[in-house]
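Please find below a set of numbered remarks on the model under review. They begin with individual sites and end with the chain as a whole.

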Amino acid sequence: MEYTASLVQLHIDEKLQEKRRLALNNGIPVADDETLQFLLVTLSMTKPLRILEIGTAVGLSGVAMLQACPSATLTTIELEEERYLEAKKNFAAFGVTDKVTAHLGDAGEILAMMDGQYDFVFLDGPKAQYEKYLFDLKRLMKKGATLFADDVLLFGWVSGEEETPQKRRSIVEKIRSYLSVITGDTDFITSVINVGDGVALSVYKGK
Ligand SMILES: C[S@@+](CC[C@H](N)C(=O)[O-])C[C@H]1O[C@@H](n2cnc3c(N)ncnc32)[C@H](O)[C@@H]1O
């Protein structure tokens, strides 16, 4: 909603804001202000120590998350090499390299090989794969962990408020399927929230 979006004031440092502006101008997909604000609010409430991010882009959401949670470490996965390399530069520029494990490759393949227990997951990679990732994410999430899945309403197409262009119908169906599975899964408690481009916020209750 335009009014609520107009109330967003991101209290992040100017250098990070400038990097976000630059990235957006260069066509890098970074979380919009409203979504980032909600992500930072959620992190401030949950205070995770181990964060997993799918979809690093150039590392700016990762930096923002680590600034909001100074005691946390971040594991993040990116498919595109150019973005991964830029993210590594950004992690160094913001002095967080020691807290970050950055993986280059396909999240589906990397998640399947990962172990460890995370208490916060920012799911912001390929939307069509969200449901497929759930199997490994459940294995990697602690009881009580938060799963923050971005872009689940996708320009109003998923809710049907806006007509979906023909070539985006398949991705919209896959997101609907993710929402149906995650809201119906009794191992989670989930709210779908109309903030930014839509967020599905889930808490893992454990099996
Ligand atoms: C929306 S962007 C991430 C934005 C970032 N989290 C931020 O807010 O600054 C999604 C990213 O996921 C990456 N991606 C796409 N497919 C992927 C895959 N199969 N595995 C890992 N990353 C992927 C894209 O290259 C893109 O950089």
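1. Val-96 is in contact with Val-63, Leu-66 and Phe-91 when its neighbours within four places in sequence are left aside; contact here means heavy atoms within 4.5 Å. The residue lies in the loop between H5 and strand S3 (100-104). Helices (H or I, at least four residues) and strands (E, at least two) are DSSP runs, numbered from the N terminus. Val-96 counts as buried, at 7% relative accessibility. The classes are buried for under 20% relative accessible area, exposed for over 50%, and partly exposed in between, with a 1.4 Å probe and protein chains only. Between Val-96 and Leu-52 there are 44 residues in sequence and 15 Å in space, C-alpha to C-alpha.

2. The model is predicted: local features need pLDDT of at least 70, side-chain atom pairs count only at pLDDT 80 or more, and totals for chains, interfaces and linings use all residues. Residues are numbered from 1 along each chain as its sequence is written, and side-chain values use heavy atoms, with hydrogens and water left out.

3. Leu-79 is placed in the loop between strand S2 (73-78) and helix H5 (81-93). With a relative accessibility of 57%, Leu-79 counts as exposed. Not counting residues up to four places away in sequence, Leu-79 touches Leu-104, Gly-105 and Asp-106. Leu-79 and Leu-22, 57 residues apart in sequence, have C-alpha atoms 21 Å apart.

4. Lys-127 occupies the loop between strand S4 (118-123) and helix H7 (130-140). Is the residue buried or exposed? Lys-127 is buried, its relative accessible area being 13%. Its side chain makes a polar contact with the side chain of Tyr-130 at 3.1 Å and reaches the backbone oxygen of Gly-125 at 3.0 Å. A polar contact is a pair of N or O atoms within 3.5 Å; within protein, one must be able to donate a hydrogen and the other to accept it, and residues adjacent in sequence count only if both atoms are side-chain atoms. Leaving aside neighbours within four places in sequence, Lys-127 is in contact with Asp-150, Asp-151, Ile-171 and Ile-175.

5. Asp-151, one of the residues in contact with Lys-127, lies in the loop between strand S5 (141-150) and H8. Asp-151 is buried, with a relative accessible area of 15%. The backbone deserves a check: Asp-151 has a positive phi of about 65° although it is not a glycine.

6. Phe-155 is also placed in the loop between S5 and H8. Its phi is near 60°, a positive value in a residue other than glycine. Phe-155 is exposed, with a relative accessible area of 51%.

7. Asp-185 is found in the loop between helix H8 (169-184) and strand S6 (188-193). The relative accessible area of Asp-185 is 15%, and the residue is buried. Which side chain does the side chain of Asp-185 meet in a polar contact? The partner is the side chain of Lys-138, at 2.8 Å.

8. Phe-135 lies in helix H7 and is exposed, with a relative accessible area of 68%. Phe-135 and Gly-198 are 63 residues apart in sequence, and their C-alpha atoms are 22 Å apart in space.

9. As to the overall fold, the protein chain has eight helices and seven strands. Its radius of gyration is 16 Å, close to the 17 Å that the globule rule gives for 207 residues, so the chain is as compact as a globular protein of that length. The radius is taken over C-alpha atoms, and the rule is 2.2 Å times the number of residues to the power 0.38. Along the principal axes, the C-alpha atoms fill a box of roughly 40 × 40 × 30 Å.

10. Of the 207 residues, 51% count as buried. Among contacts with a separation of 6 or more, 66% are made by residues 24 or more positions apart.

11. The protein chain exposes about 10500 Å², of which carbon and sulfur atoms supply 53%; the areas come from the Shrake-Rupley method with a 1.4 Å probe, and for residues only the protein chains shown count as cover. The mean positions of the 23 positive and 30 negative charges are 5 Å apart. Lys and Arg count as positive and Asp and Glu as negative, while His and the chain ends are not counted; each charge is placed at NZ of Lys, CZ of Arg, CG of Asp or CD of Glu.
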